There are 2 protein chains.
Amino acid sequence: MGQGGSGTLGGENLLFLTDEQLRKGIEAMFFAYRGFTADPDRILAEHGYGRAHHRALHFINRTHGTTVNNLLTVLGVTKQSLNRVLRTLIEDGLVDSRIGRTDRRERNLYLTESGKTLERKLSEAQRDRMRAAYRAAGPQAVAGFRQVLEAMMDDEIFRQYIALKERRT
Amino acid sequence: MGQGGSGTLGGENLLFLTDEQLRKGIEAMFFAYRGFTADPDRILAEHGYGRAHHRALHFINRTHGTTVNNLLTVLGVTKQSLNRVLRTLIEDGLVDSRIGRTDRRERNLYLTESGKTLERKLSEAQRDRMRAAYRAAGPQAVAGFRQVLEAMMDDEIFRQYIALKERRT
DNA sequence: ATTTTATGTCAGCCTTGTTGACATTCCAAG
DNA sequence: CTTGGAATGTCAACAAGGCTGACATAAAAT
């Protein structure tokens with residue numbers, strides 16, 4: 001079924017953006033995202049958590065000491081929704097919430113040791129899958145993969161995320 | 001762009017699979033998927049539907065006359081979950097469910113005219129986003145994108161999907 | 001002193017996953 | 001032919017995790 005292979009894709013590009021090509025891309029995205037989340041989902045289920053907990057753990061780990069508000073922006077959910085998840089993580093001792101030093105209204109969020117342990121377990125599972133895909137596809141394909149994904153993001157959200165990383169060293 | 005691939009992987013690619021690279025890929029996947037679903041989500045919300053309805057419409061359109069069971073396999077949800085979505089689509093006159101001719105236990109699913117209309121509206125929005133990303137990244141990047149996604153899918157699920165398409169001409 | 005901001009919480013709704021129970025239909029073994 | 005099991009699909013009830021709205025508190029900003 002392959003459309004001639006990547007060679008054909010180089011030159012003439014009238015076929016390149018057919019609805020059929022785009023549909024294949026859309027379906028690939030759907031199936032790949034499912035594969036992408038499958039392994040962490042299994043681990044999370046063992047602990048009684050869901051994807052929402054994974055996202056929180058990931059970004060708290062990624063940006064130590066981030067505030068609730070920052071997390072809301074990155075995750076794109078309401079505070080009520082995030083709060084529910086965050087509360088269970090704090091209660092279970094995976095996340096530490098400390099009152100801000102400069103602004104005492106803020107809460108700075110940190111992973112505890114057991115929080116780091118779970119985060120590592122989850123991200124290792126996900127990295128393993130990603131690594132296997134990267135290996136199978138090769139470095140040039142990976143570069144293309146990243147380019148397309150970045151073009152597909154909601155620009156505003158992405159810019160906010162970048163700004164966030166820069167603000168806190 | 002011959003992904004002469006595995007050859008290059010041997011050599012200059014120790015940096016290529018660092019945890020940092022993989023983490024960036026993981027986050028790109030997260031943000032991109034959100035962008036990928038954002039436009040259809042808005043349209044669906046106007047109609048009082050969710051993503052599950054979109055998925056059902058997409059695959060019914062893709063494989064006219066498919067059965068509930070086939071759809072379950074492709075979508076990877078329980079029949080009860082799919083049934084709820086399917087019921088509303090049938091009630092609203094977007095999907096037509098006909099008793100199977102050869103096996104009367106089965107239901108063959110078809111989009112009605114208004115079902116096709118909504119499906120087209122949704123997929124156009126999604127294709128627009130995908131097309132923009134493809135244009136921005138270029139054909140070589142797209143080839144890589146597809147390669148990585150395909151390597152990332154759950155093999156079993158994907159194989160079932162392919163088998164499905166072949167079974168019904 | 002007053003207003004605004006950051007956070008947390010309660011209540012209630014919706015979508016979409018889950019499991020369990022059940023009806024219908026088909027098919028194969030007796 | 002009948003009967004019991006397997007396949008298919010429907011209905012009911014529950015849980016996770018989105019959402020909105022209302023409100024409380026503490027701290028910062030004006």
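In which sense do strand 2 and strand 3 of chain B pair, and over how many bridges? In this predicted model, strand 2 (residues 95-99) and strand 3 of chain B are paired in the antiparallel sense, and five bridges link them.

**The sheet of chain B**

The pairing belongs to an open sheet of three strands in chain B, with the order 1-3-2 and antiparallel pairing. Strand 1 and strand 2 of chain B are the edge strands, each pairing on one side only. Strand 1 (residues 66-67) of chain B runs antiparallel to strand 3 (residues 107-111) of chain B, and two bridges join them. Thr67(B) stands opposite Asn108(B) of strand 3 in chain B. From strand 3 of chain B, Leu109(B) is the bridge partner of Ser97(B), while Leu111(B) stands opposite Val95(B).

**The nonpolar core**

The largest nonpolar core contains 88 residues. Within this core, the residues that touch the most other members are Met29(A), Phe145(A), Met29(B) and Phe145(B). The surroundings of Phe145(A) illustrate the point.

**The surface near DNA strand D**

DNA strand D is surrounded by 26 residues, of which the closest are Arg55(A), Arg84(A), Asn69(B), Lys79(B) and Asn83(B). By residue class, this surface divides into twelve charged, eleven polar and three nonpolar residues.

| Residue | Oxygen of DNA strand D | Distance |
|---|---|---|
| Asn83(B) | phosphate oxygen | 2.3 Å |
| Lys79(B) | base oxygen | 2.5 Å |
| Arg105(B) | sugar or linking oxygen | 3.4 Å |

Both chains supply elements that give two or more residues to this surface: helix 3 (51-62) and helix 5 (79-91) of chain A, together with helix 4 (68-75) and helix 5 (79-91) of chain B. Helix 5 of chain B provides the largest share, namely five residues.

Terms used: Residues numbered from 1 in each chain as written. Chains lettered and ligands numbered in written order. Predicted model: local features only at pLDDT ≥ 70, side-chain atom pairs only at ≥ 80, totals over all residues. Heavy atoms only, no water. Pairing = 2+ DSSP bridges. Helix = DSSP H or I, 4+ residues; strand = E, 2+ residues; numbered from the N terminus. Core = buried A, V, L, I, M, F, W, Y, C linked by side-chain atoms within 4.5 Å. Buried < 20%, exposed > 50% of the residue type's maximum accessible area, 1.4 Å probe, protein only. Near = heavy atom within 4 Å. Polar contact = N/O pair within 3.5 Å; in protein donor to acceptor, adjacent residues only side chain to side chain. Nonpolar A, V, L, I, M, F, W, Y, C, P; charged D, E, K, R; others polar.
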